[in-house]
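Here's a quick briefing to read alongside the coordinates. Have a look at the model first, then come back for the numbers.

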Amino acid sequence: AAVEAELAALHTDSPSPSTSSAPRRTPRRQPLAEHLPRIETRHEPATCTCPQCHSDLVHISDQVSERLACKPPVFYVKRDIYPQYACRACEQVVAEPVAAALIDRGQADASLLAQVVIAKYVDHLPLYRQQTIYARSGVELSRSTLAEWVGAVGVALQPLADRLAAQLREQAIVHADETPVALLDPKAGKTRRAYLWLFRNAHYPGADPPRVVFQFHPNRSGDHARQFLKDWRGSLMVDEYSGYKGLWSLGITELACWAHVRRKWFDQHKASGSAIAAEALARIAVLYRIEREAATMTVEE
């Protein structure tokens with residue numbers, strides 16, 4: 001792209017017959033989204049008369065050029081004013097109650113708190129990077145302040161997380177898995193392994209909307225799954241990790257993962273060309289075909 005831009009600049013400065021006769025490649029661009037606001041700037045000629053004969057110019061059309069623009073995060077101060085009125089007759093003050101806030105006596109509006117949390121957990125922007133980004137807009141926010149805000153938002157969202165977990169335990173089928181994450185250990189000056197435990201409902205036609213719950217734990221103990229599921233007694237889709245095996249004696253039905261089973265046969269067939277492994281893969285393929293056909297069916301079907 002850089003070389004093409006340099007060549008285009010050279011051709012513009014000193015066009016040659018060979019370059020001018022070459023067909024121009026028209027890029028295929030996606031149209032700019034209609035929902036975006038349009039900020040128009042009109043570039044009128046310096047004079048309204050013809051530069052040659054000085055006659056009045058007549059508007060015939062507009063040549064419109066649209067480019068996608070961007071500006072840094074826009075910060076503003078939201079002022080909520082609550083007028084207070086007094087009744088002289090009964091000596092009573094009348095005013096609207098101050099709206100509740102996520103952080104009492106805090107300076108952060110809910111919209112800013114949402115921005116910080118989404119940037120951290122969805123866009124994976126650490127707080128120290130957010131601190132630098134906001135400073136470019138003239139807003140100085142210390143990392144400790146941002147961290148306190150994240151903690152306060154977590155407390156405020158806890159009832160929602162609890163409700164999601166309760167709804168998951170109402171399902172007949174639940175999927176579970178655990179994945180390692182690097183946990184900073186400031187005292188040791190390095191990271192150590194921790195785990196995010198994931199629980200979600202099954203996906204099929206007519207099922208409830210997706211509900212996903214993450215739980216952070218410093219280790220991979222199977223007790224974490226048992227503590228989350230509590231007295232739930234449905235069917236649990238998991239891999240062959242031994243931490244789940246203690247659940248089967250409690251009355252939970254194991255749904256083993258065919259993808260994990262198939263992987264072992266696939267590795268064996270790739271390494272040795274085993275005919276038995278090939279037969280296993282073929283039989284699992286039949287199961288996968290049945291699953292694809294059933295993907296659009298209702299539970300009764």
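Predicted model: local features only at pLDDT ≥ 70, side-chain atom pairs only at ≥ 80, totals over all residues.

Numbering starts from 1 along each chain as its sequence is written, and side-chain values use heavy atoms, with hydrogens and water left out.

**Overall build**
- The protein has eight helices and seven strands (DSSP runs numbered from the N terminus: H or I of at least four residues for helices, E of at least two for strands).
- Its radius of gyration is 32 Å, whereas a compact globule of 301 residues would come in near 19 Å (taken over C-alpha atoms; the globule rule is 2.2 Å times the number of residues to the power 0.38).
- Along the principal axes, the C-alpha atoms fill a box of roughly 95 × 90 × 55 Å.

**Helix 7**
- Helix 7 runs over residues 258-272 and spans 21 Å from first C-alpha to last, close to the 21 Å expected at 1.5 Å a residue (1.5 Å times one less than its number of residues).

**V213**
- V213 sits in strand 5, residues 212-217, and is buried at a relative accessible area of 8%.
- Leaving out residues up to four places away in sequence, V213 touches L164, A165, L168, W197, L198, F199 and F228 (contact means heavy atoms within 4.5 Å).
- A165 is 48 residues from V213 along the chain, yet their C-alpha atoms are separated by 6.5 Å.

Definitions and conventions: Buried < 20%, exposed > 50% of the residue type's maximum accessible area, 1.4 Å probe, protein only.
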